[in-house]
Amino acid sequence: MESATTAGPATTAARDVVLNVEGLRIVLDPSGHDIDDDVSLVIRRGEVLGLVGESASGKTTVATSLLDYQRRGAKIAGGRVEIDGQDVLAMSPAALRGIRGGAISYVPQDSSASLNPALRIGTQLMEILECHGFGASTAEREARLAQMMAEVLLPSDKQFLRRYPHQLSGGQQQRVAIAMAFANRPKVIVLDEPTTALDVTTQAHVLDTVRDLTKSYGVAALYVTHDLAVVSNLADRIAVMYAGRVIESGTRDELFAAGHHPYTRKLLASIPDITGERALRGIPGWAPRPGKRPSGCAFTPRCDWAVDHCREEFPPVEELSPGHRVRCWRSKEVGAQAADLDVHLRDKSLSARETEEKQVISVRDVTAFYQRKEALHGITASLCERRCLALVGESGSGKTTLARCIAGLHPHKIVGDIDFFGKALARDARQRPRATRQAIQYIFQSPYSSLNPRKTIGQILSQPLKVFFQLSHDEMEGRMLKALEQVALDSSLLSRYPDQLSGGERQRVAIARGLAAEPTMLICDEVTSWLDVSVQAAVIELLAALQRDMGLSMLFVTHNLALVRSIAQEVAVMNEGRIVEYGLVDAVLDDPQADYTKKLLSDTPTV
Amino acid sequence: MNDEIIVNDSELVEPPVVHADRRPSEWLMTIREAWHMRRTKIGVAIFAFIVALAVVGPWIAPYSPTQFVAPPYASPAPPKMWLGSDYIGHDVLTRVFYGGRTVILLSLAATLIGLGLGVSLGLITGYARRWIDESIMRILDVVLAFPQIVLALLFVSILGPRLWLIVLMVGISHAPRIARVARAATLEVAQRDFVRAAEAFGVPRWKILFNEIMPSITSPLLVEFGLRLTYSIGLIAALSFLGFGMQPPAADWGLMINENRLGIIIQPWPVVVPVLLIGVLTIGTNLIADGLGRALIGIERDTGVG
Amino acid sequence: MPPLLKLILMRIGLGILTLFLVSIVVFAATQALPGDTAQAILGKEAVNKARYEALRQQLGLNRPMVQQYAGWLGGVVRLDFGNSLVQDEPVTKLLARRVENSFVLVAIAALISIPVSLLLGSLTALRRDTKFDISVSIGSLGLASLPEFVIGIVLMLLFATQLFHWLPATSPVSPVLPISQQLELFILPALTLTLAVAPYITRILRASTIEVLESEYVMMARLKGLPERLVLNRHALPNALAPALQVTALNLAWLAGGVVVVEYLFGFPGIGSALVDSVANRDMPMVQAICLLIASVYVLANLTADILTILVSPRLRTGLR
């Protein structure tokens, strides 16, 4: 895709190319289906390249390939990976060991699994220095170790180094991994979604650290991620992958201001906008997996610009301007379209509505316990009819606990009152009257866990119908079809099993199951956290439409502040089991009062 | 948080066919997948052959199992006596034909008893409140403290060698082992959100146990069944061998081995043939269990289920 | 109290509780069930009511069950199991030499099977899918299915009676001569036990080693550029240790039960064959003593494995919730 030889004089000639990937091809073993094909990247000294993609894009496999490593089940089938001119893929095993951890290092996605649970972190840190022959003596290595730890803002005293990985927090573990990666002052660093499992605040710190260290040591960094917001603040250049190929690459500004590939533009349109100016627009459909990819452009079925030619042949690399490359037959037309047409102003009428409606849920001074500790302290909140209240907070803030208490799914001690239309709710859902159970429906976070894999979609949808209504067989089928229609799913899915559906479709089925009960209120517990950005946007679109059209009351739990304006009218910001700020969405987000809210706003990455 | 990336980006997995035609239920798929493996086919062939031998045997046997056809330990003399005579003068071939039924029937019975008990206990302890779980598991630990054959012998010592007793005791000794597997599977399933969803609907606990949880644990239990059947055959044959199963003059493979041990040097056949048959049978059942086990791993990996 | 000590004491306590419950089961099975001991001893003569009652009196079977149990347990703790009903001599005296014999037998079998299965288990995991791995896997799958007496008889046929005549077909270890002079008699039974248990253990170990080798942290170690030897020894090995320990305990525990059939088959005078004889003769005190002994070995082996696992896993050692 990018070629080192045609870098124009006006751009980054001053910096040398450190990493040059050409025509990288990775296939499944033994079927031979390609995961990645014809991937070419160039990264210069001190430059951060963001490799962006969603599920099945192949970006994760590219990451480890740069160190000539693949897990069981995949193998590198072609291409070159050159670091300072030397092809990594052609090296002898001894030479390869020399550069791994030395000239090129890797920061994994989940350090809780990548750090050896049986070894102290001091040992694991020291060994990367030892095996690359750093320093002439132990004292020198220890000094370097202290320096490494200071750079990532971790202590380096003996006590701390004697800890085992499980005795560190997630953020600390990730910093240890970063320290190890920078230890030998590598030329290239590959970061594989290192902040995915972290809280927004911790993520912000980690990103700062990465940025600082990359710049000070002039390291070429490849940052693999699905989160465009994160990458927009960190990367100098961006390469977008779809179905195993790089479909567009260029500087950050080039892509964000005027992307020339339909997928790039759509992806940008699906990023949650914290300012609330732009409505979320998702991309229908899903990305094809290895083995299912067509011979033409893989994005065709989901593309607004597709023509017949797209189906037949995959477009070649086109260089629009030095460094800005795209693979699309209609790139010029796509690029020419003004950015404004992609922006649909959000319907703001909802948040301005006066609160005359009844209170659906009223929470008064509720304290909830979890194994003798308080998970919620004295919470007071309310949800009105036809409104959506967002519960926002990081993990451990108590937002899910509160949602579960309201839903009757918190089987521990609860002190305080939770009322539903004025009547007290039993703590356990099973003890509630059927009408109440029917009126409050809960949508779970993980689409992989909330549907019984041994049941068909039809059987899953029929469960609430059987519990809450007395229906004939035909009536039941009618209602199931209606529920599917409401979530824009095809009726043929009734006989399929969950594993035959994509993540986004499964989540829609979960929503349909909730709707089938004909509820008054929906509780959505982080329902999009496990979905791709583009799929998330589509689901949020759906939920917002449902809430509006059906007059549902909704409780929307999320950790992503940026989503709030796209769906809610009121927001409660939670921290450590308390509500720190509570009010109308526009008021809270435009003019936050609480320190925590301000911090959360500043830490949330935005485009 | 966005673990779809981790889960779906397991790009190394051959993806399932999305939106294809209907596909069968999981355990049917497991069986079908296992059938594709050579080892399973061999196992099934062996098992079928020996079961057929045991079932059909009595009809094609040349003599009656208690008939005296020759002096003791007479060497084979085809076509009259293909395998010679045993320690007392019966026809070995006839006794071989008659001797498989009890082993197979008793083993199946013991395995089913163990499975029934073990699965029920596993489901209950996996889904019930903590104290019920703990107390039942403690009791099962006590049963587990005895090697299976020792437990059977303990009760035989006081109640005598009765067939129903050894079937019961072998079954009971299987129960805790199966319960452990069932419990682990149940625990894993019980924490999934679709169970939570059913609870939120207000579905009663026992219904959840049957409709939501149990179908999800059938596959590992299928494998356990094969494994336990293998051990049952070994244990029941061993108990007969020790003299606590079928009593003379009944024809039983385990008993035959013991009866004819002393004459092994001059007339090995009444020992060798039953030994081979039992050995081959257990290999057959274990091959089936192993095939199912592998198929299960493969299917769970592909469908992301399990 | 440090969490580690607390954890270990809890485990030990649990073990003692289990043993206690085991003793209740043994007692209940042999003295509390209908068809009691006195009837078993008298057999047909139990019809004679007078003799029956007298024997019951003599054996103390008239006392309430709890009292009987307490008395019995008191004896057990002092290693006094009463007298054998068949030979009218103290059980402990009769079993002494047999325990010794079985101990040596199991020790030999363990000394061979444990290293062999550890070695094969890890090698097949390291050389996965090679011809070596496939052949060992097939072999162990086959052997693991077979009941012990089948293995024993096949060995007997091969090495003692039909094919080769290298070894004795039976193992009547004499109580008069020292064991060291009769080791030849131990070979076939020990070999049988080894072949019966090692394959099973090998397969389990192979699976757990593969899990370690495919873990994220081993991948990370390789990506750090560590030499393979270091990856295996420093990163893989410590994590494979815990499963190896548990598997070894399983090994030993199994052997405790496997002796029953094997000793009987070879006429080996150990506690296993003693159990078979005692059961056949309804010799309750002997049955009680042997069952208790075997169960205790089992519980002890598992307890040791539990504690060693805790000591070897940093997560458990630091008392992580």
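Mentor: A:Glu576 is partly exposed, with 15 other C-beta atoms within 10 Å. Here, a residue counts as buried with 20 or more other C-beta atoms within 10 Å of its own, exposed with 12 or fewer, and partly exposed in between, with C-beta atoms placed from the backbone. This is a predicted model: local features need pLDDT of at least 70, side-chain atom pairs count only at pLDDT 80 or more, and totals for chains, interfaces and linings use all residues. Residues are numbered from 1 along each chain as its sequence is written, while chains are lettered from A and ligands numbered from 1 in the order in which they are written.

A:Glu576 sits in the loop between strand S21 (570–575) and strand S22 (578–584) of chain A. Helices (H or I, at least four residues) and strands (E, at least two) are DSSP runs, numbered from the N terminus. Now the backbone. A:Glu576 is not a glycine, yet its phi is positive, about 50°. Most residues other than glycine have a negative phi, and most peptide bonds are trans.

A:Leu153 also has a positive phi, near 60°, and is not glycine. Its place is the loop between helix H5 (138–151) and helix H6 (158–161) of chain A. A:Leu153 is partly exposed, with 14 other C-beta atoms within 10 Å.

Chain B has cis peptide bonds. One runs from B:Pro78 to B:Pro79, with omega near 0°. B:Pro79 is in the loop between helix H3 (38–60) and helix H4 (92–98) of chain B. Another joins B:Pro248 and B:Pro249, with omega about 5°. B:Pro249 belongs to the loop between helix H10 (205–242) and helix H11 (253–259) of chain B.
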